Amino acid sequence: MGHVDVDAFDSLLGDEGQALLSALRDYDPAKELATATRLRRDHPPALVSAALTQATLRQRAVAKFGPEDAHRMYFTPNGVEQSTRTSVAAYRASRFAEFGVRRMADLCCGIGGDAIALARAGISVLAVDRDPLTCAVTRANAEALGLAELIEVRCADVTEVDTRDFDAVFVDPARRGGRGRVFDPEAYSPPLSWAIEAARTTPRAALKIAPGVPHEAVPEDAEAEWISDHGHVKEAVLWFGTARPGLRRATLLPSGHSLIGTPHLPDPEPGAVGRWLYEPDGAVIRAHLVADVAARVGGRLIDPTIAYITTDELRPTPFATAYEITDVLPFNLKKLKALLREREVGVATIKKRGSAVEPEQLRKKLRLEGGNACTIVLTRSAGSPTMLLGHPAQALSGGSVTPAAG
């Protein structure tokens, strides 16, 4: 689709293109050749090609945008890859709305995922991108979702846009170069240093950055927030103009629970593995807030270098998954096989942190058989390779463990 030009894309917006897209809603990409051959009998080849590409991209976009929006929207391959998923964009838009933002600039808007969420939160948006096809796609998306009055699309270099009249800016720099993901924030397009300066021109701002950003790259006047969705870390955001610069926060979607870091909290003391083991959410770990979760549950670390917390009594928290531990043993494959065979374990969830063992290779060696399930945690405790056996806390209580308030 990199080769679809703006004209081919525009042709999709006409009646013939729309009819083709409707017909291709449930199209099977495995049958692309046969479908293309059949459609080319009655439609121009360039239009058929653009429609097939769009149909495939819409199917891929369902995971991020949900079926209702994805099948009405338009995409580019990069746009699907790099756009923010709806849950994260909606959460961020709600924060902007709570700050009282009414008019903002979305710089490097891509196909408009964030602009759409902002407009749905009642904010009027100037969406800027330098790629003409991307701009055409964003315009079509604003139109298709009934948001054209709130979203103005401008095809321009973001570094040339004057943002001083806006309540806020949002910058989502491209984090992929020609050779895949970019890890150096100065190699973003535009560079992070430019985005930070742009953020300081308006009363509020947010910059989307990679979750692996080193903490020392976070400016002192920014709040840094790591966001996960269903347990998977999606992104980090630098907020400017919030009440608490220097703050670290981990936010878990879809629940919306937010953990705010306590400054200068010392790491908890390590100690023996107790009855309960807590695996902090990825956003908590990225935000360096494991000590905060340990303090909430009254826990200790199982090892100074490992992000697992342990307690003798269960204190549920939304920020970590709890497991009841039945066995704590030095790592030994033979012993593990014997135990699992004895307990008739046929289904094992294998987790690891600080272990060199590869879960999939271990699974093959275990040759599991039986009707019971078990969670195996491969880790280090007090510096030694350790295996922990147990079960998720929720499974034991029939899901009645209620998360503590965030």
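**Note on the predicted model**

1. The protein has 14 helices and 18 strands. The model is a predicted one. Along the principal axes, its C-alpha atoms fill a box of roughly 65 × 55 × 40 Å. Of the 406 residues in the protein, 50% are buried.

2. On the nonpolar cores: the largest has 56 residues, and Phe 9, Phe 75, Phe 96, Met 104 and Ile 151 are the ones with the most contacts inside it. Helix α4 gives the most to this core, with 10 residues. At least three residues come from each of domain 1 (6–72) and domain 2 (80–260). Another core, of 47 residues, lies apart from it and includes Ala 195, Leu 238, Leu 259 and Ala 283. As a general point, nonpolar side chains in soluble globular proteins tend to be buried together.

3. Aromatic pairs come next; the structure holds four of them. In one of these, Phe 9 and Tyr 74 have ring centres 5.5 Å apart and planes at 90°, so the pair is edge-to-face. Phe 9 belongs to helix α1 (residues 6–12), while Tyr 74 is in the loop between α4 (45–70) and α5 (77–82), so the contact ties together parts that are 65 residues apart in sequence. Phe 9 counts as buried at 0% relative accessibility, and Tyr 74 is buried too, with a relative accessible area of 5%. Phe 9 is also among the residues with the most contacts inside the largest nonpolar core.

4. A further pair is formed by Phe 96 and Trp 239. Their ring centres are 5.1 Å apart and their planes stand at 55°, so this pair is tilted. Phe 96 lies in helix α6 (residues 86–98) and Trp 239 in strand β9 (residues 232–240), so the pair ties together parts that are 143 residues apart in sequence. Both Phe 96 and Trp 239 are buried. Ring pairs link these two and Phe 99 into a cluster. Phe 96, like Phe 9, is listed among the residues with the most contacts inside the largest core.

5. Two arginines lie over aromatic rings. Arg 95 is over the face of Trp 239, 4.5 Å from the ring centre. Trp 239 therefore has a ring partner in Phe 96 and a charge over its face. In the other case, Arg 103 lies over the face of Phe 166, at 4.3 Å from the ring centre.

6. Where does strand β10 sit, and what does it pair with? Five of its six residues are buried, so β10 is largely enclosed by the rest of the structure. Strand β8 (residues 222–229) pairs with β10 in the parallel sense over six bridges. Strand β10 (residues 248–253) is also joined to strand β11 (residues 257–260) by four bridges, and these two run antiparallel. Ala 250 stands opposite Leu 259 in β11. Leu 259 is also one of the residues of the 47-residue core.

7. The turn between β10 and β11 deserves a look. The two strands form a hairpin with three residues between them, and Gly 256 in the turn has a positive phi of about 80°. Pro 254 is found in this loop. The peptide bond from Leu 253 to Pro 254 is cis, with omega near 5°.

8. Positive phi also occurs at residues other than glycine. Cys 108 has a positive phi of about 65° although it is not a glycine. Cys 108 is found in the loop between β1 (103–107) and α7 (113–120), and it is buried, with a relative accessible area of 14%. For Glu 344, phi is near 55°. Glu 344 is placed in the loop between α12 (333–342) and β16 (345–352). Is Glu 344 buried or partly exposed? At 49% relative accessibility, Glu 344 counts as partly exposed.

Note on methods
Residues numbered from 1 in each chain as written. Predicted model: local features only at pLDDT ≥ 70, side-chain atom pairs only at ≥ 80, totals over all residues. Heavy atoms only, no water. Phe/Tyr/Trp six-rings, centres within 6.5 Å; stacked < 30°, edge-to-face > 60°. Buried < 20%, exposed > 50% of the residue type's maximum accessible area, 1.4 Å probe, protein only. Lys NZ or Arg CZ within 6 Å of the ring centre and 35° of its normal. Core = buried A, V, L, I, M, F, W, Y, C linked by side-chain atoms within 4.5 Å. Domains from an automatic or database assignment. Pairing = 2+ DSSP bridges.
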